[in-house]
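Here is a short note to read alongside the structure, for anyone meeting it for the first time. Please keep the 3D view open and follow the points in order.

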Amino acid sequence: MGYGKLKISFALALSALALAGGAYFAFPDTQPEVQQVYPNTAALVLDFGDGRVEKFEALEFAAGENLSEFMEKALTEKNIKITHESYSGLGTLIVEIDGKKNGENGKYWQYWVNGNYAQVGASSYLLHPGDIIEWRFTDQWTREDLNLRP
């Protein structure tokens with residue numbers, strides 16, 4: 001390659017780099033992060049164990065709010081009845097959601113957070129932005145079925 005062609009190639013490469021840099025500053029990444037758009041929100045899925053599934057996205061919660069408080073507020077706003085009982089030393093246990101009561105046909109309400117089976121009761125779990133809370137009315141009790149860690 002001759003000196004003239006090398007000079008032209010270098011000039012073209014430098015021009016392309018300048019254009020790419022200009023485009024970067026002229027069109028910055030404007031895609032917002034979910035937490036910036038929807039701070040303190042969580043998704044809620046209710047699987048009633050009979051084919052009925054209710055899904056709610058971007059439900060707001062207060063900082064420091066626990067799952068039991070969140071459920072009471074969110075479901076009341078959606079006209080879904082929720083019943084819970086308090087147990088000394090254990091906290092609040094959700095015993096019924098929209099007519100499906102714990103013990104019915106051997107099924108109980110259990111919940112998962114972001115795909116992981118809950119390790120604490122609903123009144124002990126503090127929500128985090130972006131959480132996906134899934135409640136299932138189920139009779140599955142093995143570690144494998146519940147996705148429990150050994």
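Predicted model: local features only at pLDDT ≥ 70, side-chain atom pairs only at ≥ 80, totals over all residues.

**Notes on the strands, rings and core**

1. Strand β4 and strand β5 (residues 100–101) run antiparallel to each other and are joined over 2 bridges. Within this pair, Ile97 has Lys100 in β5 as its bridge partner, and Glu96 stands opposite Lys101 in β5. The hairpin of β4 and β5 has 2 residues between the strands, and Asp98 takes a positive phi near 45° there.

2. Now look at the other neighbour of β4. Strand β3 (residues 82–87) pairs with β4 over 6 bridges, in the antiparallel sense.

3. As for β4 (residues 91–97), 5 of its 7 residues are buried, so the strand is mostly covered.

4. Next, please turn to β1. This strand is mostly covered, with 6 of its 7 residues buried. β1 and β2 run antiparallel and are joined by 6 bridges, with Leu44 opposite Phe56 in β2. The hairpin of β1 and β2 has 5 residues between the strands, and Gly49 takes a positive phi near 75° in this hairpin.

5. β1 also pairs with strand β8 (residues 132–138), here in the parallel sense and over 5 bridges. A handy landmark is Leu46, which stands opposite Trp135 in β8.

6. The aromatic rings deserve a visit of their own. How many aromatic pairs are there? The count comes to 5. One of them is formed by Phe48 and Trp109, an edge-to-face pair at 5.5 Å centre to centre with 90° between the planes. This pair links distant parts of the chain, 61 residues apart: Phe48 is in the loop between β1 (41–47) and β2 (53–60), whereas Trp109 is in strand β6 (residues 108–113). Both Phe48 and Trp109 are buried.

7. A further ring pair is Trp112 with Tyr117. Their centres are 5.1 Å apart and their planes lie at 75°, so this pair counts as edge-to-face, for which the angle must be over 60 degrees. Trp112 is buried, at a relative accessible area of 3%, and Tyr117 is buried at 16%.

8. Ring pairs also link Phe48, Trp109 and Phe137 into a cluster. Arg52 lies over the face of Phe48, 3.9 Å from the ring centre, while the charged end of Arg136 sits over the ring of Trp112, at 3.7 Å from its centre.

9. Which residues touch the most other members of the largest nonpolar core? Of its 26 residues, they are Leu46, Leu67, Met71, Ile97 and Trp135. The elements giving two or more residues to this core are β1, β2, α3 (67–77), β4, β6 and β8. The largest share, 5 residues, comes from α3.

10. Setting aside residues up to four places away in sequence, Trp135 touches several others, including Leu44, Leu46, Leu67, Met71, Ile94, Trp109 and Ala122. Leu46 is also its opposite number in the pairing of strands described above.

11. A last stop is Ala62, in the loop between β2 and α3. Is Ala62 buried or partly exposed? Its relative accessibility is 43%, so Ala62 counts as partly exposed. Ala62 and Asn40 are 22 residues apart in sequence, and their C-alpha atoms are 6.7 Å apart in space.

Note on methods: Residues numbered from 1 in each chain as written. Heavy atoms only, no water. Buried < 20%, exposed > 50% of the residue type's maximum accessible area, 1.4 Å probe, protein only. Helix = DSSP H or I, 4+ residues; strand = E, 2+ residues; numbered from the N terminus. Pairing = 2+ DSSP bridges. Phe/Tyr/Trp six-rings, centres within 6.5 Å; stacked < 30°, edge-to-face > 60°. Lys NZ or Arg CZ within 6 Å of the ring centre and 35° of its normal. Core = buried A, V, L, I, M, F, W, Y, C linked by side-chain atoms within 4.5 Å. Contact = heavy atoms within 4.5 Å.
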